Amino acid sequence: MVSIGIIGAGGIASAHAGAIRAQTGRCRLDAVYDADDTAAAAFCERFADLGPAAAASADELFARRLDAVIICTPNHLHLEYVQQAAEHGLAILCEKPAANTLGAAHAMAQIARRTGVVTMVGFTNRYQPGIRKLRYAMESGLLGTIFAYRELSSGARLVNPSIGMEWRMRDWDAGGGAVADFGVHSLDMATWLLADSCGPLHSLTGMLGTFVKRDGRYPQNDDLSVVTGRFASGAIASLMDSRVGPGLYQVDVMGSLGHAHFDLRQNAELDLRLYQSQGEAVALPDFSPSGPFEAQLGALLDAIETGRPATPDLVRAYEIQRLIERVRDHAV
Ligand SMILES: NC(=O)c1ccc[n+]([C@@H]2O[C@H](COP(=O)([O-])OP(=O)(O)OC[C@H]3O[C@@H](n4cnc5c(N)ncnc54)[C@H](O)[C@@H]3O)[C@@H](O)[C@H]2O)c1
């Protein structure tokens, strides 16, 4: 039975606690720490059936006999908690983006390499059932030679201008805006799905824009990013990430034999059509219908139980952070 602690009891911590609940019997939630006592208390009440104890400090949480910790704080705090967790020999699931700066992401990758603890970064979209079908289609070469990859990702919560300046909108706490918050998923997805067929992603260029004032001034980072890139094979990628749009997540892959379309609104599905069969939809094997956070936690538990490395780990997170920072440095 894997004993888990959560640090940071805000929005995403609830999704992780839900995943723990779904795997009761294999793991348990023993401790929670949040710098805000009220947030920790509310969280413990919401997940009272799991019986987590609120720790008064991070040190107190780490003093418990945990096997793993899930880090759900604002981005600039990930490094210090990764460091402490690794010192205690715990497996780590760190939320994305791994860090607020490239240097911090590099330090986290070094910690992972040096200590050999199991690490994972929360590239949760990889675990959408429809995305697993897409990965299968890519591995099976069903689409032929890949020409193009397109992704549209956008979140609706922050389009509301009455939501004030929060940590996500500050350079130091967050790093990039949409380009990091959403773009980290997009860059991981594109380079993970197309790695074998198209090689590495080169020639990244991007445009960043900030559009919605908060408390009478603009956020320090971007609301929207548009990134284009070319893979070693010549295939072209186009990624649009926005924190001020409708809640959407769509992926398209176009190849010489067909086209695949994923839409989060039908997250278990993949619309795959081959040109030779008059555009008829192709049936694909069904992968486990479990939700993405549950599947992600399952992968972490597999790694802990078998002693094998987890993926995507903090070394992978650093690779993606390099792409984000390249876009931010050269964006127009
Ligand atoms: N995987 C995903 O798809 C996904 C989705 C949303 C958020 N996230 C990531 O999860 C992380 C948290 O995001 P969120 O939406 O839950 O933010 P949030 O603001 O809702 O929650 C953050 C929590 O951290 C607490 N906190 C602040 N400083 C702390 C400290 N020093 N020690 C302990 N706790 C502290 C806050 O009090 C708050 O409760 C971010 O890295 C974010 O990018 C990932």
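## The shell around the ligand

A residue is taken to be near a molecule if its C-beta atom, placed from the backbone, lies within 6 Å of that molecule. In this predicted model, 22 residues surround the ligand, and the closest are Gly 8, Gly 10, Gly 11, Ala 35 and Glu 95.

Which helix gives the largest share of the shell around the ligand? That share comes from helix H1, residues 11-22, which contributes three residues. Sorted by class, the shell around the ligand holds 10 nonpolar residues, seven polar residues and five charged residues.

## Two domains

The protein chain is divided into domain 1, which is made of residues 2-124 together with 297-313, and domain 2, which covers residues 129-288. The centres of the two domains, taken over C-alpha atoms, are separated by 26 Å. Where the domains touch, 10 residues of domain 1 are in contact with nine residues of domain 2, and the side that belongs to domain 1 has five nonpolar residues, four polar residues and one charged residue.

At the S3 end, strand S2 (residues 27-33) runs parallel to S3 and is joined to S3 by two bridges, with Val 32 standing opposite Ala 54 in S3.

## How H4 packs against H5

Two packed helices are described by the angle between their axes and the distance between the axes. Helix H4 (residues 78-87) and helix H5 (residues 102-115) pack at an angle of about 10°, with their axes 10 Å apart. Angles under 35 degrees count as roughly parallel, and H4 and H5 are therefore roughly parallel to each other.

The contact is made on the H4 side by Leu 79, Val 82, Gln 83 and Ala 86, and on the H5 side by Ala 104, Ala 107, Met 108, Ile 111 and Thr 115.

## The mixed sheet of seven strands

A second sheet, also open, has seven strands in the order S8-S9-S10-S7-S11-S12-S13, and its pairing is mixed. Strand S8 (201-209) and strand S13 (271-274) are the edge strands, each pairing on one side only, while the twist from one strand to the next averages 10°.

Several neighbours in this sheet can be traced residue by residue. S8 and S9 pair in the antiparallel sense over seven bridges, and Gly 209 stands opposite Leu 224 in S9. S9 and S10 also pair in the antiparallel sense over seven bridges, and the bridge partner of Ser 225 in S10 is Asp 241. The hairpin of S9 and S10 has four residues between the strands, and in this hairpin Gly 234 takes a positive phi near 105°. Strand S7 (residues 146-154) and strand S11 (residues 248-255) pair in the antiparallel sense over eight bridges, with Gln 250 in S11 as the bridge partner of Leu 152.

## Helices across the mixed sheet

Helix H6 (residues 129-139) lies across S11, strand S12 (258-263) and S13, and runs at about 160° to S12. Helix H9 (residues 183-198) lies across S7, S8, strand S9 (224-231), strand S10 (236-242) and S11, and runs at about 165° to S7.

## Backbone details

Where is Pro 97 placed? Pro 97 is in the loop between S5 and H5, and the peptide bond that leads from Lys 96 to Pro 97 is cis, with omega near -15°. The peptide bond from Thr 311 to Pro 312 is cis as well, with omega near -5°, and Pro 312 has its place in the loop between H10 and helix H11 (314-330).

Ser 203, which is found in strand S8, has a positive phi of about 45° although this residue is not a glycine.

Conventions:
Residues numbered from 1 in each chain as written. Predicted model: local features only at pLDDT ≥ 70, side-chain atom pairs only at ≥ 80, totals over all residues. Nonpolar A, V, L, I, M, F, W, Y, C, P; charged D, E, K, R; others polar. Pairing = 2+ DSSP bridges. Axes fitted to C-alpha atoms, helices over the stretch in contact; angles between N-to-C directions. Contact = placed C-beta atoms within 7 Å. Domains from an automatic or database assignment. Parallel < 35°, antiparallel > 145°, perpendicular 65-115°, else oblique.
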